Every structure is written in structure tokens, then in C-alpha cells.
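Let's take a walk through this protein together.

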2 protein chains.
Amino acid sequence: MSKRLVFVTGNANKLKEVKEILSQGGHPIEIDSQSLDIPEIQGTTQEVAKDKCRRAAEITGCACITEDTALCYAAFNGLPGPYIKYFMQSVGHEGLNNMLAGFPTKAAWALCTFAYSAGPGSDPIIFEGRTDGSIVPARGPKVFGWDAVFEPEGTGLTYAEMPSEQKHGLSHRGKALEKLRAYLQSLPVESSSA
Amino acid sequence: MSKRLVFVTGNANKLKEVKEILSQGGHPIEIDSQSLDIPEIQGTTQEVAKDKCRRAAEITGCACITEDTALCYAAFNGLPGPYIKYFMQSVGHEGLNNMLAGFPTKAAWALCTFAYSAGPGSDPIIFEGRTDGSIVPARGPKVFGWDAVFEPEGTGLTYAEMPSEQKHGLSHRGKALEKLRAYLQSLPVESSSA
């Protein structure tokens, strides 16, 4: 029997990516998904991720995983971080660059945090993936969040300009997901069953 | 019998100010205070305030009020807003100015939101006070948050440079508190009792 758990997300693209990665390897893991509107708290990326996963487990009554993405500016000591979605909505690609006009460094890192809870009352474990790069004027399709303004170190391309295989290979989400996969596949089957 | 309710805050200065204002007028309102660490959600200032007050009422079992402060940049369409405390901690007074270097307008508004819940399960009502001004290089004592970089319109002084009476007379908090006071004093005594 394969391991089952619920990925709480309303994002079909993320679900597809997570399903693909977790079905790889010797112990394929089956994922159910549920779209829930869970309020996120303010705080560090780790606090935000753990709180959301804890609530997801309480609501679903299942083992579950959640995902959070942050974009952290070195000049801002890690902010906007978990609040990047609000800045993206409010100031757009150009604004995300303009916010750094008064600072010498455009360095930034993309941070993905998956959280896993074995079920209601079980403290979530987090799996982080970080990709270093810099904030640049938008290049490539602007369809997916801030992908067009983030250029991972050493690539010369923004996330938006990369073929999806290249992006998955070096992305913050890919790295975090790989850690989650390794952990889940190391669990005895019973302990991650819903 | 005067009306009683709990102000949930860990900030002694805010408590003192609120006690003073609410004890004025024909129907003085007595305030108890309780210091609780209530996680704040992400969202609009109104969502953040209502959620916190709702939880405060659930935890205390009483009628209660909570307070939230935001600093909103016109160039950022209202952000950092409720997240200003994190930006203040991360980039300081100079950074709060530098973030606007790439934008033509330095206009900003300070927003205070008091929320009142009549008790557990009772939908919070909010009272907002807004003061328009601009972000300027720090002037005056730097002891109280971002007061040194916010200059209310038409004053030529930052909050930090003003005598406290002048500040209370025009501040976002003073305006919100005045609305709260008027509301609470208009209630029949029974309905706001704990």
C-alpha cells in the first residue's frame, strides 16, 4: 500500500508538480488535494508555515502538507519574505525593482517551505529550499507571480525565461520538495497514513 | 455602574492613553487590561484587526478591544501597512526612507484600527483613524517606532518632534480612539458589560 496524505492547496500547478515529484522513487506517495482557505499568520516564514499546516491538519483530520513561498531581499534583511504576494499585487514587477533603488545590493533569495503534519495535534515538520539570486527588471513571460524579476545566481536567466525542467532543477520549490520526498519515503507506511 | 471591558495589549503606553480618553465625557468607561500574545493574520488592516479582536474575545471570555497600527505608503498602494513593524525592525528609519528612493511620491498615511467585540462569538466592530503625511528622513527622538520618519501634513514636524498633546490631537490613534469612545458611551450599559 502506498502512503497517502492531503496537500492543502488551491493551486493546480503546484499540485501537479508535487504529485509528480512525490510519485518518483521506490516508495511512490499518493497525494490527495483539498482547496481550503486557511488564514496565514504574520511572522517568520517558519512560523507562518507551521501554523498553516497545523490548522490544515485540524480541519482535514488527516496527515497533510502545505506549501509557502517567500521572496527575501538581502537589503531588507529578508523582507518582504512571506508578504511578497501583497507587494507583487500592489506594486507589480516594476515596483519590486524600484523598492531597491535606494539600496546598493539587489541580492535576494527565493524560499520555499513545505510543512508536513502527521495529523491533528502533531507538530509540523518543515522542509526548506532556498535559491540565491538577484532582483532584475522583468524578463520573460509575466504570468507566474514574480518569476520574471528573479534571476538565480549564475544562470543569466530569470525563472520566467527558463524551460520548466531547468527551473525545477534549481528552484527553491524543487529543493524543498526533494527534502519532503526523501523524508516521506523514509517513514514507515503506517505513520503517514491518514 | 460604569461600563467595563478588557483592552488586550502588552503596551503600557497605549493602555495609559486609552484609559485617559475613555474615562472622559459623561459616561466614563473603565478598562481592564490583559497582555496576551495573539498571533495576527496576514491580510488587510480590517481583516487583521477583526481577527485579533475575535480571538481576544474568545480567549478572555469578555467584551474587549484591540488596537492595530499601520503605516501605508501611497507609492506602495498602502503597503507596508500592517507589516510596518517588521520593516521598521529590519531596515530601520533610514531604510524606511530608502525604500521610497525609486518612487516619486513620499506620501503616506498612518492608520490606527481599534476593534471592539461585545464578547465571544460577537462580530467585532472597527474604528479607524487616519492621518495623512509623508515619509521624511528621521527627525526627533527615535524611541517610539517610526514616529521620527512620519510628518503629518501641514505640521512641519514629525510625530517624534511634537509635544504629546499636539500629537494626540491630530494622530491616527487619537482619531480612532475618539470614534471608539463615542460608540462605547452610546451603548446601553448592559450590552457592553463583561
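Start with strand β5 of chain A (residues 107-117), which pairs with strand β6 of chain A (residues 125-135) in the antiparallel sense, over 10 bridges. Keep in mind that what you're looking at is a predicted model. To find your place in this pairing, look for Cys112(A), which sits opposite Gly129(A) in β6(A).

β6(A) has another partner as well: 3 bridges join β6(A) to strand β7 of chain A (residues 150-152), and these two run antiparallel. Here Ile135(A) has Phe150(A) in β7(A) as its bridge partner. A handy thing to know while you're looking at strands: in a regular strand, side chains alternate between the two faces of the sheet.

| Strand pair | Sense | Bridges | A facing pair |
|---|---|---|---|
| β6(A) and β7(A) | antiparallel | 3 bridges | Ile135(A) and Phe150(A) |

Now for the charged side chains. Over all chains, the count comes to 28 salt bridges. One of them is between Glu67(B) and Arg173(B), whose closest N and O atoms are 2.9 Å apart. This pair ties together distant parts of the chain, as Glu67(B) is in strand β3 of chain B (residues 64-73) and Arg173(B) is in helix α5 of chain B (residues 172-186), 106 residues apart.

On chain A's side, α2 (45-60) and α3 (84-98) each supply at least two of the residues that touch chain B. The largest share, 7 residues, comes from α3(A). Sort that side of chain A by type and you get 15 nonpolar, 7 polar and 3 charged residues.

In all, 25 residues of chain A are in contact with 25 residues of chain B. The area buried between the two chains is about 2,100 Å², with carbon and sulfur atoms giving 63% of that.

How are the two chains related? A rotation of 180 degrees, with 0.0 Å of shift along its axis, superposes chain A on chain B with an RMSD of 0.0 Å. That's the relation of a two-fold axis. Both copies use the same surface, as 100% of the contact residues of chain A recur in chain B. To spot the rotation axis, look for Ile41(A): of chain A's residues, Ile41(A) comes closest to the axis, with its C-alpha at 1.9 Å.

How values were computed:
Residues numbered from 1 in each chain as written. Chains lettered and ligands numbered in written order. Predicted model: local features only at pLDDT ≥ 70, side-chain atom pairs only at ≥ 80, totals over all residues. Heavy atoms only, no water. Contact = heavy atoms within 4.5 Å. Buried area = accessible area lost by both parts, 1.4 Å probe. Helix = DSSP H or I, 4+ residues; strand = E, 2+ residues; numbered from the N terminus. Nonpolar A, V, L, I, M, F, W, Y, C, P; charged D, E, K, R; others polar. Least-squares fit on C-alpha atoms with pLDDT ≥ 70 in both. Pairing = 2+ DSSP bridges. Salt bridge = Lys/Arg side-chain N within 4 Å of Asp/Glu carboxyl O.
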